[in-house]
Amino acid sequence: MPTPILIIDKLHIGYGDKVVIRDLSLEVHEGEFVALLGASGSGKSSVLRTLAGFHPVMSGRIILEGKDITNEPPERRNVGMVFQNYALFPTMTAFENIAFALRVAKMPQSEIGKRVAQIAETSGITEQLHKKPATMSGGQQQRVAIARALVAGSKVLLFDEPLSNLDAKVRVTMRREIKRLQQEFGFTAVFVTHDQEDALTMSDTIVVLANGGVEQIGDGRTLYREPATPFICEFIGTANELPTPLAGQILGSDVRGRIFVRHEDVLVGKVIPAGLPATVRHVEFLGAHSRIDLDTGGYFISAARMGHELPEIGETVSWTIRPGSVHIFEEADR
């Protein structure tokens with residue numbers, strides 16, 4: 001396997017005496033798309049700011065392209081940063097924003113014009129170059145911000161929740177656009193988000209942060225189908241935690257620990273062989289699927305159901321669990 005382009009080695013990050021990230025180690029390979037996924041306060045943005053050089057480390061190392069950059073200032077790290085609010089200069093045109101770093105580097109004007117035109121064409125913003133940020137849509141501003149980060153030749157781009165200010169439809173479009181640009185330019189991405197869909201749809205590798213550390217690292221399918229902790233089971237997707245008495249009934253065996261089953265793995269019907277009875281308490285239509293809340297005799301669970309034929313509220317139904325779909329964690333597991 002080739003040498004990673006970015007190595008994070010036993011990184012501790014804090015503010016004063018407060019540690020927000022403990023012992024973070026991660027290898028990122030060239031062309032990889034890595035998401036740092038976590039809830040608010042999990043430390044994901046602190047990791048990004050530290051990688052960019054905006055925040056000092058407490059201990060540990062950051063190695064970029066074989067060079068220790070742990071104590072290097074931001075301007076000497078050769079990483080690009082795409083901020084949540086785009087951070088474009090409001091009085092400059094898109095062209096001037098993209099060209100800014102090249103002018104600071106004293107690149108000849110003819111070369112600047114060529115470089116900006118080339119990256120604007122690939123990014124699909126040639127017609128926006130004469131405009132100022134206030135006259136552009138959120139998606140257009142995002143493309144300018146990415147082009148500005150790329151034009152200086154950075155191989156690693158750091159994205160700090162860049163889609164959070166976009167509406168749902170534009171967000172989906174920009175996910176695809178960022179992936180297209182990554183494939184077009186071949187850059188390596190470290191992408192901070194609190195949104196599962198961003199992480200699952202865009203990333204090769206997802207790093208889930210919680211409680212000051214790493215809960216699990218893996219691709220989206222692994223995290224979803226093979227969660228390492230109860231936190232992952234509840235945080236990625238939707239899942240029921242089954243009380244042990246109910247789990248024992250449905251599994252037909254004595255079980256201990258914390259038991260989870262995903263909503264789509266709860267099967268509901270009028271009559272299901274070996275199923276248990278339940279009363280439908282709520283039905284919620286969500287478009288592609290519906291959520292059915294069941295009262296199983298004092299214990300409440302939810303099921304995800306495809307299709308248009310749904311039970312009525314108050315109806316008695318039968319339910320069971322898809323074979324092999326239960327996740328059981330020892331009490332010692334986090």
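## An exposed arginine and its partner

Arg256 is exposed, at 58% relative accessibility. Here exposed means over 50% relative accessible area, buried means under 20%, and partly exposed lies in between (1.4 Å probe, protein chains only). Arg256 forms a salt bridge with Asp254, with the closest N and O atoms 2.7 Å apart. A salt bridge is a side-chain nitrogen of Lys or Arg within 4 Å of a carboxyl oxygen of Asp or Glu. Asp254 is exposed too, with a relative accessible area of 62%.

This is a predicted model: local features need pLDDT of at least 70, side-chain atom pairs count only at pLDDT 80 or more, and totals for chains, interfaces and linings use all residues. Residues are numbered from 1 along each chain as its sequence is written, and side-chain values use heavy atoms, leaving out hydrogens and water.

## Salt bridges across the chain

The structure holds 23 salt bridges. Side chains of opposite charge can pair when their charged atoms come close. One of the bridges links Arg171 and Asp195, with the closest N and O atoms 3.7 Å apart. Arg171 lies in helix H5 (residues 168-185) and Asp195 in the loop between strand S8 (188-193) and helix H6 (196-202), so the pair ties together parts 24 residues apart in sequence. Helices (H or I, at least four residues) and strands (E, at least two) are DSSP runs, numbered from the N terminus. Arg171 counts as buried, at 11% relative accessibility.

Glu241 and Arg258 also meet in a salt bridge (2.8 Å, N to O). Glu241 sits in strand S11 (residues 239-242) and Arg258 in strand S12 (residues 258-262), so this pair ties together parts 17 residues apart in sequence. Glu241 is partly exposed, at 36%. Arg258 is partly exposed, at 24%.

## Paired strands

Strand S1 (residues 6-15) pairs with strand S4 (residues 59-64) in the antiparallel sense, over five bridges. Two strands pair if DSSP finds at least two bridges between them. His12 stands opposite Ser59 in S4.

S4 also runs antiparallel to strand S5 (residues 67-68), and two bridges join them. Ile63 has Asp68 in S5 as its bridge partner. S4 and S5 form a hairpin with two residues between them. Glu65, in the turn, has a positive phi of about 50 degrees.

## The listed domain

An unreviewed UniProt entry lists residues 6-236 as "domain: ABC transporter". UniProt positions use the numbering given here, feature names are shortened, and annotations may be inferred rather than shown by experiment. Over residues 6-236 the chain is 37% helix and 26% strand. The end C-alpha atoms are 26 Å apart.
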